[in-house]
Each structure stands twice: as structure tokens, then as C-alpha cells.
Amino acid sequence: MGCTAGQEVRCHTTLHSPTGWHRSGTLLIVMFCLAHAVLGAREAGAQCSARDVLQNQLRLKNVPSPGAPGIPIRSAVDAPVWKTIAIGTFVDRFTLMGALDAVGCSVGNLAGEVLDNPAFSLSAVKTNVDLFAVFGAELGFLTDTAPLGDIYARAQQLGFALAAAEVAPQLRLQYFDQPVGEFLIIGMEPINTRNGEPVILTVANGGAGLILIGQDGAADAQISVRSRFLFARPTGVETTAFLPP
């Protein structure tokens with residue numbers, strides 16, 4: 001019997017005379033091959049490790065996202081689409097969590113509690129969602145920090161909409177070339193943990209690999225205005241300016 005592991009894993013058995021392999025020995029080898037198959041499949045599917053992210057960036061010639069706020073935004077209608085992703089591609093939360101695990105993406109404790117909460121729902125229909133990346137300072141805040149509730153209110157006043165919570169894990173699965181040091185806060189309604197703490201989700205690359213984490217989602221939580229938020233397009237509103245994917 002021989003085994004090979006890689007992009008495709010194969011196991012084959014060569015039968016000899018009755019005086020050759022015993023059934024018990026053959027069973028052990030089959031189990032050994034299956035273990036190699038699982039290991040090879042996980043390695044082939046990994047996308048979230050620091051090494052994989054660097055390779056994706058080099059392959060796609062990714063340009064790091066802006067590290068500082070730009071000019072203040074006057075209206076969401078004039079804002080460019082940062083990225084378009086698909087939602088509604090998983091039948092349940094277990095399948096979604098399995099997909100994150102399969103590619104090696106880490107999920108923080110708070111984020112895990114959000115995904116486990118029945119309040120976290122998945123779209124029943126596959127839909128494309130346009131996301132807009134906005135620094136808090138670009139919303140007109142002049143202080144170093146601002147309450148999360150005020151940031152949301154200002155964003156909605158300018159014409160942005162809060163994103164569905166599903167956007168966070170879906171973006172994590174569709175953004176494998178995220179630059180190191182980038183933390184994207186999903187502008188979403190907070191979901192409570194088991195202890196009743198409101199949490200919002202952040203898609204991040206802190207340097208050790210891609211991760212989905214949670215953070216304080218209370219309305220009075222002070223957030224740095226240099227933080228970058230992702231908001232959605234309100235239903236029925238079109239934009240005219242677009243960034244390349």
C-alpha cells in the first residue's frame with residue numbers, strides 16, 4: 001500500500017499472496033493513509049496562517065489599505081465601494097464555523113459567543129453586499145475618540161447603513177490577502193454574549209494570521225477615530241465611484 005499527500009491525496013493497496021499482509025496490518029495502513037489524507041486536505045485548504053497571507057499578497061500584488069484617514073466624507077453616495085462580498089452561502093452556523101476552521105481562520109472567544117448566539121442569523125438567499133471602508137475621522141469627528149453610538153449615528157446620517165452580522169465571518173472567508181496590522185470593525189448591531197455584554201465583530205490581521213474577533217459594542221464605548229469601519233449600502237441607493245477589487 002502507498003500514500004501520497006498534497007493537493008490531492010491518494011491511497012492504493014497492492015495485494016500479495018496469502019502469506020503477505022494480514023488483515024490487521026492492512027487496516028492499520030488504511031488508517032494511516034486516511035490520517036495523511038485529512039492532514040493533506042487541511043494543509044491544501046489553509047489560507048489564514050501568516051505565511052499563507054503573505055503568499056496571497058505577493059501573488060495578488062496586494063496594495064496595503066490606507067493607514068490614515070482621508071478627507072471628510074460629505075455623503076455616502078459619493079463614497080467608493082471598498083469590496084463586494086457574498087452572503088447567504090451557508091445553510092447554518094455549524095457549516096459556517098466549519099468553513100472557518102477548514103481554512104485555519106481563528107475565532108476569538110467573544111466572536112465565538114456572537115456566532116453561537118441565536119440572534120446571529122444567516123441570510124437564506126445568496127446576495128452580494130457592497131462594503132464601504134470609513135475611518136471615524138472621515139465622519140467628521142475631531143476628537144481622538146468618539147462613542148460608538150455617535151459614530152453609527154453620524155454614518156447613517158451621511159447615508160451609510162449598518163451591515164448584517166453575517167458580513168463579518170463572510171468577509172473573513174473572502175479576504176485572505178488582508179494586510180498585516182489592519183483591523184476592520186464591522187458597523188453592525190451588537191449581539192450579546194452569554195453574560196449580556198454587547199459585542200461587535202472585527203476582521204483582523206495582527207501579524208500572526210487572519211482572525212475574527214469581538215470588541216465592546218456598547219453605545220458609549222469609546223472608539224479611536226483612526227479606527228476603520230465597514231458599512232453597507234442602504235437598500236435602493238446607488239453609488240457611482242468604485243475602487244478596483
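Guide: Start with Gln170, which sits in helix α6. Keep in mind that the model is predicted.

Visitor: Why is Gln170 called buried?

Guide: Its relative accessibility is 1%. Buried means under 20%. Therefore Gln170 counts as buried.

Visitor: What makes the pair Gln170 and Thr89 a polar contact?

Guide: The side chains of Gln170 and Thr89 are joined at 3.0 Å. The cut-off is a pair of N or O atoms within 3.5 Å, one able to donate a hydrogen and the other to accept it. The pair therefore qualifies as a polar contact.

Visitor: Which residues is Gln170 in contact with, leaving aside its neighbours within four places in sequence?

Guide: Ile85, Ala86, Ile87, Gly88, Thr89 and Phe90. Contact here means heavy atoms within 4.5 Å.

Visitor: Now Ala163. Where does Ala163 lie?

Guide: In the loop between α5 (148-157) and α6.

Visitor: Why does Ala163 count as buried?

Guide: Ala163 has 7% relative accessibility. The limit is under 20%, so Ala163 counts as buried.

Visitor: What separates the C-alpha atoms of Ala163 and Ala232?

Guide: A distance of 5.1 Å, although the two are 69 residues apart along the chain. Ala232 is also among the contacts of Ala163 beyond four places in sequence, with Ile186, Gly187 and Met188.

Visitor: Which residues of helix α4 (residues 109-116) are buried?

Guide: Ala111, Gly112, Glu113, Val114 and Leu115. Their cover includes α3 (93-102), β4 (106-107), α6 (167-173), β8 (191-192), β9 (198-205) and β10 (210-216).

Notes. Residues are numbered from 1 along each chain as its sequence is written. This is a predicted model: local features need pLDDT of at least 70, side-chain atom pairs count only at pLDDT 80 or more; totals for chains, interfaces and linings use all residues. Side-chain values use heavy atoms; hydrogens and water are left out. Buried means under 20% relative accessible area, exposed over 50%, partly exposed in between (1.4 Å probe, protein chains only). Helices (H or I, at least four residues) and strands (E, at least two) are DSSP runs, numbered from the N terminus.
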